[in-house]
Amino acid sequence: RWGMDMRGIQTLLVALMLVPALIGGTASAQNQGEYFQRDRNTAVLERSRNEFVAPPAQRGAFRVEAEAELGLASDSNIFATTTNKEADVVASFRPSFGAESTWSRHSLTANASATRREYLDNTSESVWNAEAGVIGRLDIQRGFFVDVAASMAILTENRSSAGAAALSAEPIEYDTANIAAGVTYTTGRVRVNGAIDVHTSDFEDAALAGGGVADQDFRDYTETRISARVDGAVSPAVAVFARASSNQRDYDAPAAGLANRDSDGFVIEAGIDFDLGGQARGSVAAGVLEQKYDDPSFVDIDGASYNAEVEWFPTELTTVTVSATRAPRESAIAASAGYTETQISGQVDHELLRNLILTGRASFGDDDYSGIDRSDERFELVASATWLMNRRVGVQASLTRLDVDSRGTAARGDFDSNVARIAVSLRM
């Protein structure tokens, strides 16, 4: 045990948000925020390519852009099975829309997208997904602003997911909704942020391929998370920080015979973020985590926490990104309330030509389930090329290899898949 209860975590969050008052004093207006600018480097995927990207259309006080993507993919194992693999060709269509205000103060952005995946042979796998969100920012004064955000999504679970996803007759549908608010205050070399967000997930029951129904109500929950972070600038290029968050996860009434999965948890980390011009930028943090379940039949999760992403710029035409995370997640398996996810990845983006970008990515993930004998290891390799033909048309081609090694007495079985995809984007 880490020896800290929820009251202790809440006290720490309040203390972090009161740091500016404890420090006292203010900085001159021209110094507000200059220690926290992180624009000394530009990654390959961020670089402006105005000659190959259509500018947003101006509509009153908003910049508006729209895009439609048409894709075609060949998947060697659409059901993520160990044997009797089923291959199929998948056509996709994804329209998207975005709008951003051009006000001198405050801001408002909105986005929405829908995705249709159509399986040519296995039509029962065809699905619609949709997402929409809005973010608003209220500028109180220089260095002091409030953010609010809301989003919702209608999604389907991937066949490679744990639980009933591999056994259901059709992909499992679920809805999510998020609402969040945060405040950020900067004075000289100190920046403080506090936030609260509420997330809900609602899963549809799964009709099983062999008959019967797998009740998914035990996965429906609401999570409330409160977080705070304090940054102290060592120089305009380097800052150290401490952050803490507490969460409360409340589940709907469990199905007969299943224990309630309600839990409380926290994450406390310290780290450094930096932007060294012409060299590297990123953020690295480490600390401890705990997720404690109300029902004693579930095994609590605790241990080390880390979250890092570092970009290296060996040349102006190449960006190398390395990331690593370790965090507690909610489980799709009734016998296990949660698992610890470890994810490590590396990516290289190279601008071969001004309008031709090559990308290679490798990732490793490990899902270690609590309370049952199961650990899922995932290895993924992706190679892709993006060709910007002109301001209106872009083409992307990719190859993906996924290997999943599921171990333990509660394992689901190993599987692998190969996906080749090509897509054309039409910008309005």
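What share of the contacts in the protein chain with a separation of 6 or more comes from residues 24 or more positions apart? The figure is 59%, where a contact means heavy atoms within 4.5 Å. Some notes on the rest follow.

1. Ground rules. This is a predicted model, with local features needing pLDDT of at least 70 and side-chain atom pairs counted only at pLDDT 80 or more, while totals for chains, interfaces and linings use all residues. Residues are numbered from 1 along each chain as its sequence is written, and side-chain values use heavy atoms, leaving out hydrogens and water.

2. Overall build. You'll find two helices and 21 strands in the protein chain; these are DSSP runs numbered from the N terminus, with helices being H or I of at least four residues and strands being E of at least two. The C-alpha trace spans about 70 × 60 × 40 Å along its principal axes. For 428 residues, a compact globule would have a radius of gyration near 22 Å, and the chain's 23 Å agrees with that. That radius is taken over C-alpha atoms, and the globule rule is 2.2 Å times the number of residues to the power 0.38.

3. Buried residues make up 40% of the 428. Buried here means under 20% relative accessible area, exposed means over 50%, and partly exposed is in between (1.4 Å probe, protein chains only). The chain exposes about 21400 Å², with carbon and sulfur atoms supplying 58% of it; areas come from the Shrake-Rupley method with a 1.4 Å probe, and for residues only the protein chains shown count as cover.

4. S18 (residues 356-369) and S19 (residues 375-388) pair antiparallel over 13 bridges; to count as a pair, two strands need at least two DSSP bridges between them. Thr359 stands opposite Ser384 in S19. Five residues sit between the strands of this hairpin, where Gly371 takes a positive phi near 90 degrees. S19 also runs antiparallel to S20 (residues 393-407), joined by 14 bridges, and Phe379 has Asp403 in S20 as its bridge partner. The hairpin of S19 and S20 has four residues between the strands.

5. Glu380 and Arg361 meet through their side chains at 3.7 Å, N to O. Glu380 lies in S19 and Arg361 in S18, so the pair ties together parts 19 residues apart in sequence. Both are partly exposed: Glu380 at 26% relative accessibility and Arg361 at 28%. The rule for a salt bridge is a side-chain nitrogen of Lys or Arg within 4 Å of a carboxyl oxygen of Asp or Glu, and the count by this rule comes to 28.

6. The one I'd look at on screen. Asp273 forms a salt bridge with Arg38, with the closest N and O atoms 2.8 Å apart. The two are 235 residues apart and link distant parts of the chain: Asp273 is in strand S13 (residues 263-276), and Arg38 is in the loop between helix H2 (19-23) and strand S1 (57-59). Asp273 counts as buried at 9% relative accessibility, whereas Arg38 is partly exposed at 22%.

7. Arg38, Arg191, Arg229, Asp231 and Asp273 are linked by salt bridges. One of the links is Arg229 with Asp231, again with closest N and O atoms 2.8 Å apart. Asp231 is buried, with a relative accessible area of 2%.
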